[in-house]
Amino acid sequence: MSKRKSCKERNHSDCESGWQAKFMNCKWDKAIGCHSGNNSPPVVENNNSKKKHTPLKSTDVQGKNYGPDIDDCTVPACKSTSNAFKTLVGGGSKTSLKRALPCPLLKDELGRNTWSLLHTMAANFPNNPSNDDQSKATAFINSMARFYPCKHCAADFQEDIVKNPPKVKSRIDFSIWMCEAHNRVNTKLGKTTFNCDINNLDLRWRDGGKKCE
Ligand code: FAD
């Protein structure tokens with residue numbers, strides 16, 4: 001997987017070119033070079049009168065920073081559950097009580113729920129999809145990759161589906177493609193991979209077997 005360059009690492013020619021730069025909203029400014037955000041960033045003068053770039057952050061209503069740059073992904077969907085786990089085992093803190101209430105999804109919860117939808121959708125895809133079914137399924141995956149709220153996950157997934165476009169010619173093709181896509185994420189995260197045999201996939205995501213009756 002190619003390393004993602006931040007806006008600041010880009011030179012003039014690749015500042016605004018390529019999907020990564022576009023995705024990150026990289027903009028070229030003569031005075032300060034490549035930067036992120038839709039507006040020109042503020043330029044401040046230091047003692048030597050050199051121009052310095054202060055990264056822009058957009059701010060939500062609660063005063064939290066939800067920066068436009070991919071490297072500044074601070075929404076819950078980008079956060080790991082490890083800290084939430086610590087607060088839970090820490091016992092009875094205000095944070096753990098708060099997490100027991102309905103909360104925005106953290107990265108792993110979002111991931112599990114999303115994979116559940118994707119595998120279940122693939123497991124129930126038509127055996128002989130129409131052209132329209134096929135193009136809608138492909139569009140669904142492309143849209144999901146674009147709007148997936150964990151930004152670095154989305155960026156990698158976008159790259160992945162360019163290299164491995166969705167296979168939507170049949171239910172079996174789609175199920176196996178989904179499994180392999182999930183396995184590439186599993187491998188990246190150092191997790192064990194899943195056996196993508198269709199019988200195994202159907203047992204997990206469609207039929208359930210005896211234990212689920
Ligand atoms: P999950 O990986 O969520 O799996 C849920 C269940 O699916 C498993 O319990 C298992 O029964 C089944 N399963 C596992 N593998 C397969 C397979 N190959 N085929 C079929 N079924 C399977 N997290 C990051 O930290 N970084 C990322 O870059 C990242 N990218 C993601 C991209 C996408 C498109 C999605 C949907 C999620 C991404 N995630 C990412 C989240 C990550 O994949 C996991 O969902 C999260 O770490 C929780 O993992 P988990 O071990 O609970 O099980």
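Biologist: How do the residues of the shell around the ligand divide by class?

Modeller: The shell splits into 8 nonpolar, 7 polar and 6 charged residues. Nonpolar means Ala, Val, Leu, Ile, Met, Phe, Trp, Tyr, Cys and Pro, charged means Asp, Glu, Lys and Arg, and the others, Gly among them, are polar. This is a predicted model, in which local features need pLDDT of at least 70, side-chain atom pairs count only at pLDDT 80 or more, and totals for chains, interfaces and linings use all residues. Residues are numbered from 1 along each chain as its sequence is written.

Biologist: Which residues come nearest to the ligand?

Modeller: Gly111, Cys153, Cys179, His182 and Phe194 do, out of 21 residues around the ligand (C-beta, placed from the backbone, within 6 Å).

Biologist: How many helices and strands does the protein chain have?

Modeller: The protein chain has 8 helices and 4 strands. Along the sequence they follow the pattern α-β-β-β-β-α-α-α-α-α-α-α.

Biologist: At what angle do the axes of α4 and α7 cross?

Modeller: Two packed helices are described by the angle between their axes and the distance between the axes. Here α4 (residues 107-123) and α7 (residues 171-188) have axes that come within 8 Å and cross at roughly 155°. Axes are lines fitted to C-alpha atoms, for helices over the stretch in contact, and angles run from 0 to 180 degrees between N-to-C directions. α4 and α7 are therefore roughly antiparallel to each other (under 35 degrees is roughly parallel, over 145 roughly antiparallel, 65 to 115 roughly perpendicular, the rest oblique).

Biologist: Which residues of α4 and α7 meet?

Modeller: From α4, Trp115, Leu118, His119, Ala122 and Ala123 meet Phe174, Ser175, Met178 and His182 of α7 (contact: C-beta atoms, placed from the backbone, within 7 Å). By class, this contact has 6 nonpolar, 3 polar and no charged residues. His182 is also among the residues that come nearest to the ligand.

Biologist: And how do α4 and α8 pack?

Modeller: α4 and α8 (residues 198-207) have axes 9 Å apart, at an angle of about 105°. They are therefore roughly perpendicular to each other. His119, Thr120 and Ala123 of α4 touch Leu201, Asp202, Trp205 and Arg206 of α8. This contact has 3 nonpolar, 2 polar and 2 charged residues.

Notes
Helices (H or I, at least four residues) and strands (E, at least two) are DSSP runs, numbered from the N terminus. Two residues are in contact if their C-beta atoms, placed from the backbone, lie within 7 Å.
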